[in-house]
Amino acid sequence: MARFALVDCNNFYVSCERVFNPTLVGRPVIVLSNNDGCAVARSNEAKALGIGMGAPVFTLEALLKKHDVAVFSSNYALYGDMSRRVTITLGQLVPDLEVYSIDESFLDLSAFRAADVPRLCRTIAQTVTQDTGIPVSVGVGPTKTLAKVATGFAKKCPSLGGVCDICDPVWHERALAATPAGKVWGVGRRYAEFLKVRGINTALDLAKADRAMIRKRMGINGTRIMDELSGISCYPLEANPPTKKGVGVSRTFVRGIDDLRELREALSSYAERAAEKLRKDGLRAGAMEVYAMSSRFRKDDFYYNTATFRFPTTTSDSPEIIKGALEAFDTIYRENTPFKKLGVHMRELTREAAEQQLLFDTMDRTRASALMKTVDALNTSMGRRTVGYASSGLAASRLAPKAWHTRFNHKSPSYTTRWDQLLRVT
DNA sequence: TCTGGGGTCCTAGGACCC
DNA sequence: TCTGGGGTCCTAGGACCC
């Protein structure tokens, strides 16, 4: 029988902050999205206060003050580095590993004896916490979906010591009966509503539901969820992640912006960033989509538009991508519209290979590629945007901050990735 | 007033072709 | 009134994930 484990870091962003600031342990702590907009991670104490996932900060202000909640902006450099450390530790303990997200990894434990699995999982949890400072929960089941279900119990029931194995059929069925259908992996808000109307309330109800009905309403994934819940594995472990289908960069502004020069500057910087991401992954794009929108919370006057730009040949060249993005944006820009979000999305990605020769090319691609390599090397060794493009704007001063810059008013130091921000023990 | 970012997959429908 | 049948490609929209 197949056996999967899911290792899930508890309240990951909050736990990262706590590693370097132990005074936060036992306190309610939340970490915010970009622009300090929403709560995207909450400690158990913060969850107990009723702070929901994605709750807008402006609706929480009284609560945060009353309970002295510690508030942090997202520190992606810190979380990314801590995630890498967790992955390294796991890689040393098991042979087959799929990094599923920044805070979750699937393990294939099929090769281990059933009786040894609980002990192995406790060792994994203890080792990760010891080596990285991040507490984790481990769930085990015959499919990925069931491993997810098990992780839910590992988190909820402290008596389990952070590990829950539901491979045993008795525990398997009990766990499904105690899991709301809406908590199942792949069942979101919409499907949960639909299932409720049909009287399907628990994961067990879903596993035994009318297959044709589920197929019709939820598509092929619906029946896969049913199979997975019944112990039939549909999603194998993906040790080697497939190449990306797209690469996107987008940002929301703190307030609406209608000034064309500012918008072009913001978009240029996103295009530049997207080009960097392509080169980092060894990819090139054949086409690019540029999109712009006003506030989606102003339903009466919502503006959204996209434009596609096709490159003469696949490219990861910053100037070419910036130029294309600005050209596409000019076709969707609308005057007197308070734009809240701009983005670029690179599509039709191919692996980087020898330079494609166009019969009548307007640029020397070999030289351009060498220049990009130099730019990337400088920015890697000396910090992001050591060299960049003027179209993306010059560095903002404290006197002249950019309206489109993202707000991070509560950011902790990048303890692990910046020499000048190392933790000082005095 | 203020409400993130980066992805994936599936499905339906239209255009077009033979 | 009758009014093919596939196949492909593309796009838009919907749903989900962390």
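This is a predicted model: local features need pLDDT of at least 70, side-chain atom pairs count only at pLDDT 80 or more; totals for chains, interfaces and linings use all residues.
1. Arg-85 counts as partly exposed because its relative accessibility is 34%, where buried means under 20% relative accessible area, exposed over 50% and partly exposed in between (1.4 Å probe, protein chains only). The side chain of Arg-85 meets that of Asp-81 in a salt bridge at 3.3 Å, N to O; the term stands for a side-chain nitrogen of Lys or Arg within 4 Å of a carboxyl oxygen of Asp or Glu. Asp-81, at 9% relative accessibility, counts as buried.

2. Residues are numbered from 1 along each chain as its sequence is written, chains are lettered from A and ligands numbered from 1 in the order in which they are written, and side-chain values use heavy atoms, with hydrogens and water left out.

3. Chain A has 13 helices and 12 strands. Its radius of gyration is 24 Å, close to the 22 Å that the globule rule gives for 426 residues, so chain A is as compact as a globular protein of that length; the radius is taken over C-alpha atoms, and the rule is 2.2 Å times the number of residues to the power 0.38. Of the 426 residues in chain A, 44% are buried.

4. The structure holds 22 salt bridges, and one of them joins Glu-98 to Lys-144, with the closest N and O atoms 2.6 Å apart. Glu-98 lies in strand 5 (residues 97-101) and Lys-144 in helix 6 (residues 144-156), so this pair ties together parts that are 46 residues apart in sequence. Glu-98 is buried, with a relative accessible area of 7%, and Lys-144 also counts as buried, at 3% relative accessibility.

5. A further salt bridge brings together the side chains of Arg-310 and Glu-348 at 3.1 Å, N to O. Because Arg-310 lies in strand 11 (residues 304-315) and Glu-348 in strand 12 (residues 339-351), the pair ties together parts that are 38 residues apart in sequence. Glu-348 is partly exposed, with a relative accessible area of 40%. Salt bridges that share partners join Glu-289, Arg-310, Arg-347 and Glu-348 into one network.

Terms used:
Helices (H or I, at least four residues) and strands (E, at least two) are DSSP runs, numbered from the N terminus.
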